[in-house]
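Biologist: I would like to learn how to read a fold from its coordinates. Please take me through one.

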Amino acid sequence: MDYKIIERENINYITVPKLEELGVKNMFTMDKIDFKLPNPLDEEKRKKTFDICFDEMDIEPKNIFTSRQIHSKKVVSIENDKNYDRLKYWNRYPDCDGLITNTSKTLLLTKYADCLPIVLFDTQNRVIANVHSGWRGTLQKIVLEAIDQMINYYNSDPKNIIAILGPAIGYKDFEVTKEVYEEFHKQFNYDNIIKQKDETHWLIDTRKINKNLLKEAKILAENIISIDISTVSDKRFHSYRRDGKNYKLMGALTYLE
């Protein structure tokens, strides 16, 4: 198995041992942790959530970076962009959906509830990207933007990049109407990514789309690890589509030792 599910009294999560072996602590939280707060600036509550995760990961980050996600294709290189809000316990980029760093003792967090979290790690230059790819981000090919920045800013070679596709909405659960179907149909010509369910609804496989994008970017097939769990059908996860306005948020956490 390429990943492990860990169950504790106050936290449950998925971790990828291969990244751990390479010095990257990683965690995809499940339903016992909620990174959604009514007031995003409520730092004390957020700190308690972080502390539970950090205790389990056995880390003490020097810096924590997260962002206000807007379903864009914007990816920020922390070493090249200092335009973030410095809060009490962490730093937050105002509008972006991907973070990259090569700085040790740095924690990157993206949040998800059906959207696809993607982690990219350059094993040679020790560069990590933590990306939030919802269906809009997938349409905009945000994962390619992250890889381009790794190449251009950090001299990464795609053949040295490991890609992790985290838990997200499954193919059978991502049901869309004609407007969204047409956007995907125009953008991608891959086989077997869209299936018509009935006269007015289609099913779209965003995970397979992102796998194909990774291969187009010359990521080796053996370096792609996919956690094929649907956050909608598996109730151990939060889900926007299943839970509606009462949805909560999971976190994808990465930490370079």
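**Reading the fold**

Modeller: Start with a hairpin: β10 and β11 form one, with four residues between them. R126 sits in the turn and has a positive phi of about 55 degrees. Helices (H or I, at least four residues) and strands (E, at least two) are DSSP runs, numbered from the N terminus.

Biologist: What should I know about the model and its numbering before going on?

Modeller: This is a predicted model, with residues numbered from 1 along each chain as its sequence is written. Local features need pLDDT of at least 70, side-chain atom pairs count only at pLDDT 80 or more, totals for chains, interfaces and linings use all residues, and side-chain values use heavy atoms, with hydrogens and water left out.

Biologist: How many bridges join β10 to β11?

Modeller: The general idea comes before the count. Strands of a sheet pair through backbone hydrogen bonds, either parallel or antiparallel. Here, two strands pair if DSSP finds at least two bridges between them. Seven bridges join β10 (residues 116-122) to β11, and the two run antiparallel. L120 stands opposite A129 in β11.

Biologist: Which other strand is joined to β11 by bridges?

Modeller: Strand β8 (residues 98-101) is joined to β11 by four bridges, again antiparallel. G98 has V131 as its bridge partner in β11.

Biologist: Is β11 mostly covered or mostly open?

Modeller: Buried means under 20% relative accessible area, exposed over 50%, and partly exposed in between (1.4 Å probe, protein chains only). In β11 (residues 127-133), seven of its seven residues are buried, so the strand is mostly covered. V127, A129, V131 and S133 point one way, while I128, N130 and H132 point the other way.

Biologist: What is the strand order in the open sheet of eight strands?

Modeller: The order is β1-β2-β3-β17-β9-β4-β7-β6, and the pairing is mixed. At the edges are β1 (4-7) and β6, each pairing on one side only. Helix α2 (residues 43-57) packs on this sheet and touches β1, β2, β3, β4, β9 and β17 (250-256). Contact means heavy atoms within 4.5 Å. The direction of α2 makes about 130 degrees with that of β3. Axes are lines fitted to C-alpha atoms, for helices over the stretch in contact, and angles run from 0 to 180 degrees between N-to-C directions.

Biologist: Where do the parallel and antiparallel pairs lie?

Modeller: Strand β2 (residues 12-15) and strand β3 (residues 24-29) run antiparallel, joined by two bridges. I14 has F28 as its partner there. Strand β4 runs parallel to β9 (residues 106-112), with three bridges. N63 pairs with T106 in β9. Three bridges also join β4 to β7, in parallel, and S67 stands opposite Y93 in β7.

Biologist: Why is β4 described as largely enclosed?

Modeller: Four of the five residues of β4 (residues 63-67) are buried, so the rest of the structure largely encloses the strand.

Biologist: What is the order of the three-stranded sheet?

Modeller: It is an open, antiparallel sheet, β13-β15-β14. Its edge strands are β13 (175-176) and β14 (194-196). Helix α5 (residues 178-187) packs on it, touching β13, β14 and β15, at about 45 degrees to the direction of β15.

Biologist: Which residues of α5 are buried, and where do they fall around the axis?

Modeller: V180, Y181 and F184 are buried. They fall within an arc of 100 degrees seen down the axis, so they line one face of α5. The arc is that of the directions from the helix axis to the C-beta atoms. Exposed residues E179 and K186 are on the face turned away from the buried side.

Biologist: How many disulfides does the structure hold?

Modeller: A disulfide is a covalent bond between the sulfur atoms of two cysteines. The test used is a pair of cysteine sulfur atoms within 2.5 Å. The structure holds zero disulfides. For C96, the nearest cysteine sulfur is that of C115, 14 Å away. C96 is buried at 1% relative accessible area, and C115 is buried at 14%.
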